[in-house]
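The sequence and structure are shown first.

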Amino acid sequence: MFSMRYPNGLKKAITLSYDDGLVTDVKMLEIINRYGIKCTFNVNYGFLNKDDFVYPEIKRENMWTRLRKSHAVELFKNSGHEVAAHGFVHKSLGGCTVPEAMHDILHDRECLEKLFGTVIRGMAYANGSYDARCAEYLPKCDICYSRTVDRTGKFDFPENWIYLHPTCHHDNPKLMELLDSFLNEDFGDCKMFYLWGHSSEFEVNNNWDVLEKFCAVAGNRDDVWYATNIEIFDYKKAYDSLVYTVDGLTVYNPSGIDVWLNVNGESKVAKSGAVTNLV
Ligand SMILES: [Zn+2]
């Protein structure tokens, strides 16, 4: 049997997910970029500020100050980070009618797509609110994954990407312990460490050092794939789409992504669009 590896034969991936499109994302980017760590930023288009908006002083009562639209483009577009939906006006989907929920998501998608010139496919639940109906209507909105706030303390792929549970929030007192076990244990299979939060929390709690310490250990390593949420989703789907010959010795990769496999302890690449002999 063959098993999945991340690009370059790696077994570990780290991804971040930060919400609301806040002015404190500027400092967050400055830190994570130094360590080569990738983040998905979940943005409410309806709350982004106009381009002539003057940012107030960053303090507790202003902690939810949103980025100006043009500033968000300057920060995120072509940055290697991902922009995902978070509801046009941050509605709690669990309390919405289905049309109301779909409107908040599709309106957000549509406006973000125009602003960033891209296809928005991921999201995070505003206020962490979701229910069983989301699995029905989110795929119809072309949302392929959505992050909850239900921490697992684990590093597994979700059973259903519409309920993508993070490993932990950055305020988890066991953050560095979890990171340590993630980096140092050999799990055999591919795993991901998934961290979420709001960048403004670092500012108002005066604990940017939590992010600095996390990145100093987690970042710039040869044994970790740093990827956005959608990159991990797409990679896993590409792996799942592989088709093998009946004897299992040859593989066809119909996806647009090269997929790395572990074949009897060796890394092999199933090239995009090609047929590859594995032994
Ligand atoms: Zn939010």
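## Loop residues with positive phi

Asn-8 is exposed, because 11 other C-beta atoms lie within 10 Å of its own; a residue counts as exposed at 12 or fewer such atoms, as buried at 20 or more, and as partly exposed in between, with C-beta atoms placed from the backbone. The model is a predicted one, in which local features need pLDDT of at least 70 and side-chain atom pairs count only at pLDDT 80 or more, while totals for chains, interfaces and linings use all residues. Residues are numbered from 1 along each chain as its sequence is written.

Asn-8 belongs to the loop between β1 and β2; helices (H or I, at least four residues) and strands (E, at least two) are DSSP runs numbered from the N terminus. The phi of Asn-8 is positive, near 65 degrees, although the residue is not glycine. Most residues other than glycine have a negative phi. His-90 is a further non-glycine residue with positive phi, near 60 degrees, and is located in the loop between β4 and α3. With 18 other C-beta atoms within 10 Å, His-90 is partly exposed.

## Helix α3

Helix α3 comprises 19 residues (98-116), which should span 27 Å at 1.5 Å a residue; its end C-alpha atoms are 27 Å apart, in agreement. The expected span is 1.5 Å times one less than the number of residues.

The buried residues of α3 are Ala-101, Asp-104, Ile-105, Asp-108, Arg-109 and Leu-112. They cover an arc of only 120 degrees around the axis and therefore lie on the same side of α3; the arc is that of the directions from the helix axis to the C-beta atoms. Packed against these buried residues are β3 (39-43), β4 (82-85), β5 (122-124) and α4 (134-140). After α3 comes Gly-117, with a positive phi near 65 degrees.

## Helix α1

In helix α1 (residues 25-34), the buried residues are Asp-25, Met-28 and Ile-32. Their arc around the axis is only 55 degrees, so they lie on the same side of α1. The elements covering them include β2 (12-19), β3, α2 (69-76), α6 (199-204) and α7 (208-218).

## Domains and their contacts

The domain assignment gives domain 1 (2-238) and domain 2 (243-277), with bounds that come from an automatic or database assignment. Their C-alpha centres lie 30 Å apart. Eight residues of domain 2 are in contact with 11 residues of domain 1, two residues being in contact if their C-beta atoms, placed from the backbone, lie within 7 Å.

On the side of domain 1 that touches domain 2, β1 (2-5) and α8 (229-240) each supply at least two residues. The most comes from β1, with four residues. This side of domain 1 divides into six nonpolar, three polar and two charged residues. Ala, Val, Leu, Ile, Met, Phe, Trp, Tyr, Cys and Pro count as nonpolar, Asp, Glu, Lys and Arg as charged, and the others, Gly among them, as polar.

## Lys-268 in strand β13

Strand β13 (residues 266-270) contains Lys-268, which is partly exposed, with 19 other C-beta atoms within 10 Å. Leaving aside neighbours within four places in sequence, Lys-268 is in contact with Leu-261, Val-263, Thr-276 and Leu-278. Leu-278 is 10 residues from Lys-268 along the chain, and their C-alpha atoms are separated by 7.0 Å.
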